[in-house]
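Hi,

Here is the structure I promised to pass on. Have a look at it first, then read my notes below.

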Amino acid sequence: MTQACSPGAIISVSRPSLPTADKLMPWLQRMDAAQIYANNGPLCRLFADGLAQLYGAPDGVVRPVVSGTAGLTVALLAQGVVPGGLCMLPSWTFVATGHAARGAGLIPWLVDVDEDSGMLTPHMAEAFLLEAPGPVAAVMPVAPFGAPFPYEAWEAFHQRTGIPVVIDAAAAFDTVRPCSVPAVVSLHATKLFGVGEGGFVTCTQPELMRKIECAGNFGFYGSRIATVPACNGKMSELHAAVGLAGLAEWQARRQTLATLCGSLATALSGVPHVHLQPGWGRDWISATCVVRLSVCTATVEDVLAEAGVETRRWWGDGLHAQPAFAQCPHTALTVGERLAGSTLGLPCHLDLTPMDIERVATALRHGVQAGK
Ligand SMILES: Cc1ncc(COP(=O)(O)O)c(C=O)c1O
């Protein structure tokens, strides 16, 4: 339900909304009747099939997991990565990418990204391999804030190098494309399609999907013998119920979200020195409105805060600036640092009214003026 914000009220940067309790009830009643609550139960399997259908893929290409972070770890473990090896990943990402690599026994090796796309590209990854400070066990590129991603190019990278690849597509519910390399989407409440805490792994290789199932279920496959290093990454039936209720209303919800993102994009595209992600709000959507600024970001933040407009630096200053990753080996991170200093998350949620959007655009205009 849309709540109008009064003119002086704080405009939140994010306001998650999930299917309401009445929409969950039929699914919860099915769960009650089956008395199955976990272990890839009937709701989880239905949810997986529904997601596969949404992406126009056959059954079996989607595996729901307990979180996006767990899904990344599971997808690494499933590829038999050698513990103690390096996991090449961009420093310009959310901390979860690095934690997931550690969860699979790997050392995050933080590398720089491409200036235009904000991504680690396959071309860059191949060049970095020549300067690796140790054996590279895996590469984990990231689709920044859900942007369209070159899935085929990473399939080709994997074929060329033989190095396991896992794509962190956490925010890419709208743009992910199942391919032969595993990609992981987060279904956290703040994402486009939320179940609370959750996620899914998608991959079109049946043998690898079998290993993903095994790596996310204690290493069990058809018996109670732990065959390989693994974890418990399974989604519960409760979360699958939320997912099924979400799928039932997805088409209508996507339409509403697309209208909102389109209105935001239109309002902000006229503000000088503010650059939206290419195609955002027109060709694709996400739950965050992330812009790059070519003026002083801190000043813009201050002016927006003064005007009651909340903002967030979703990825902080990048992984290398976080204490947990400060000791990790890294390349020069010039571009990532520049992006960290110029990227800002603006309000984006269904409670925004046309008046709120106008307030955000006006405050941004003032902020840019002050930050020049
Ligand atoms: C880039 C990135 N990777 C991974 C994750 C982890 O997802 P989750 O919160 O579902 O564990 C996030 C979550 O926001 C993310 O932004």
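Start with the ligand: 14 residues surround it, and the closest are Gly 68, Thr 69, Ala 96, Ala 170 and Ser 186. Two elements each give two or more residues to this shell, namely helix H3 (68–77) and helix H4 (95–103). If you sort the shell by residue type, you get eight polar residues, five nonpolar ones and one charged. Keep in mind that this is a predicted model.

Next, the sheet. Strands of a sheet pair through backbone hydrogen bonds, either parallel or antiparallel. Here four strands make an open sheet with mixed pairing, in the order E1-E7-E6-E5. Strand E1 (62–65) and strand E5 (167–168) sit at the edges, so each pairs on one side only.

Look at strand E6 (residues 183–186) and strand E7 (residues 199–202): they run antiparallel and are joined by four bridges.

In soluble globular proteins, nonpolar side chains tend to be buried together. The largest nonpolar core in this model has 114 residues. Those with the most contacts inside it are Leu 76, Cys 87, Ala 138, Ile 167, Ala 169, Val 184 and Val 185. Both domain 1 (21–248) and domain 2 (250–311 + 347–371) supply at least three residues to this core.

Which residues is Ala 138 in contact with, leaving aside its neighbours within four places in sequence? They are Leu 76, Gln 79, Val 81, Cys 87, Leu 106, Ile 163, Pro 164, Val 165 and Val 166.

Cheers

Methods: Residues are numbered from 1 along each chain as its sequence is written. This is a predicted model: local features need pLDDT of at least 70, side-chain atom pairs count only at pLDDT 80 or more; totals for chains, interfaces and linings use all residues. A residue is near a molecule or strand if its C-beta atom, placed from the backbone, lies within 6 Å of it. Ala, Val, Leu, Ile, Met, Phe, Trp, Tyr, Cys and Pro count as nonpolar, Asp, Glu, Lys and Arg as charged, and the others, Gly among them, as polar. Two strands pair if DSSP finds at least two bridges between them. A nonpolar core is a set of buried Ala, Val, Leu, Ile, Met, Phe, Trp, Tyr and Cys residues joined through C-beta atoms within 7 Å. A residue is buried if 20 or more other C-beta atoms lie within 10 Å of its own, exposed if 12 or fewer, and partly exposed in between; C-beta atoms are placed from the backbone. Domain bounds come from an automatic or database domain assignment. Two residues are in contact if their C-beta atoms, placed from the backbone, lie within 7 Å.
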